Amino acid sequence: MKKICICNQKGGVGKTTTAVNLSTYLSSMGRKTLLIDMDPQSATTSGIGIDKSKLDRTIYDVLLGECSIKDVIVKTQLENLDIVPSDMDLVGAEVELSNEVGREFILRDAIADLDGYDYLIVDSPPNLGVLTLNAMIACENLLVPVQAEYYALEGLAQLLRTAELITRRLRIPLKIRFLITMYDKRTRICDDVANQLREYFGDRVFKTVIPRNVRLAEAPSHGKPILLYDPNCKGAIAYKKLAEEVDSVEW
Ligand code: ATP
Ligand code: MG
């Protein structure tokens, strides 16, 4: 099982859009995929079309040790794609776990005996708190969406420092890859950010670039991944390509 944590403590860079659409296309390629929503905003849960009012348990109950992750898995409208949903309750987890020994390792333990999946994709919130640390440590492979805009690179320093501490102090070697999102070829800043990122990180930057595409922003309000909303738009084609690249690279 390949495990990928989508993270960047900067808000609105395309984490959730990537989590939803990458997992959708992996599942359409026949890969059994489990999407885990670790963000209290739960945009991944609603974006994939799950009615949150009908859920009796979420990832919150798993983190608090009240049930196993298998009890929380829900099927999605796509074959081969299941989800572990989240909801607002998860806001409380950060505080409720603050005195718990080993609180960063709960998700890792929870997924240890999961079987039958080729991919585990975890969406995380826009901070480096205990939820994001759980997601990073459980997956070890980080996919960091970087929005092509001013100051995009400055924000990465803190993320890299955290990843380095996890590797050094906890002896968990994290591997990081970057994905350029919301790319607009008409603006020069986009090219500058893309070039700088490739200069620093070389082949750790995915060849696939996600363009700015309004269809990607519209799809979640219909509770649909782009594959079901508009499979021929530019954004859809890019996420399909990303899934193929993710499936082919040695992480
Ligand atoms: P948060 O940090 O709040 O969780 P996020 O990093 O998960 O945000 P998204 O929710 O995926 O980011 O994207 C932020 C906004 O930008 C959303 O409204 C989304 O629909 C839109 N968006 C994401 N990617 C694209 C794109 N490639 N083109 C156009 N709009 C996009
Ligand atoms: Mg998000």
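Here is a short walk through this structure, from its overall build to its pockets. It is a predicted model, in which local features need pLDDT of at least 70, side-chain atom pairs count only at pLDDT 80 or more, and totals for chains, interfaces and linings use all residues. Residues are numbered from 1 along each chain as its sequence is written, chains are lettered from A and ligands numbered from 1 in the order in which they are written, and side-chain values use heavy atoms, leaving out hydrogens and water.

Let's start with the chain as a whole. Along its principal axes, the C-alpha trace spans about 50 × 40 × 30 Å. Of the 251 residues, 53% count as buried, meaning under 20% relative accessible area with a 1.4 Å probe and protein chains only.

Now for the pockets. A pocket here is an open set of points on a 1 Å grid over the protein atoms alone, where a 1.4 Å probe fits, with protein on both sides within 12 Å along at least five of seven lines; lining residues have an atom within 4 Å of a point. The largest pocket has a volume of about 530 Å³, a volume being the space filled by probe spheres set on the points, which are joined across faces, edges and corners. Its lining has 29 residues, and G14, T16, T17, M182 and L216 are the closest to its centre.

The second largest pocket has a volume of about 180 Å³. Its lining consists of Y183, D184, K185, R186, P211, R212, N213 and K234.

Note on methods: Buried < 20%, exposed > 50% of the residue type's maximum accessible area, 1.4 Å probe, protein only.
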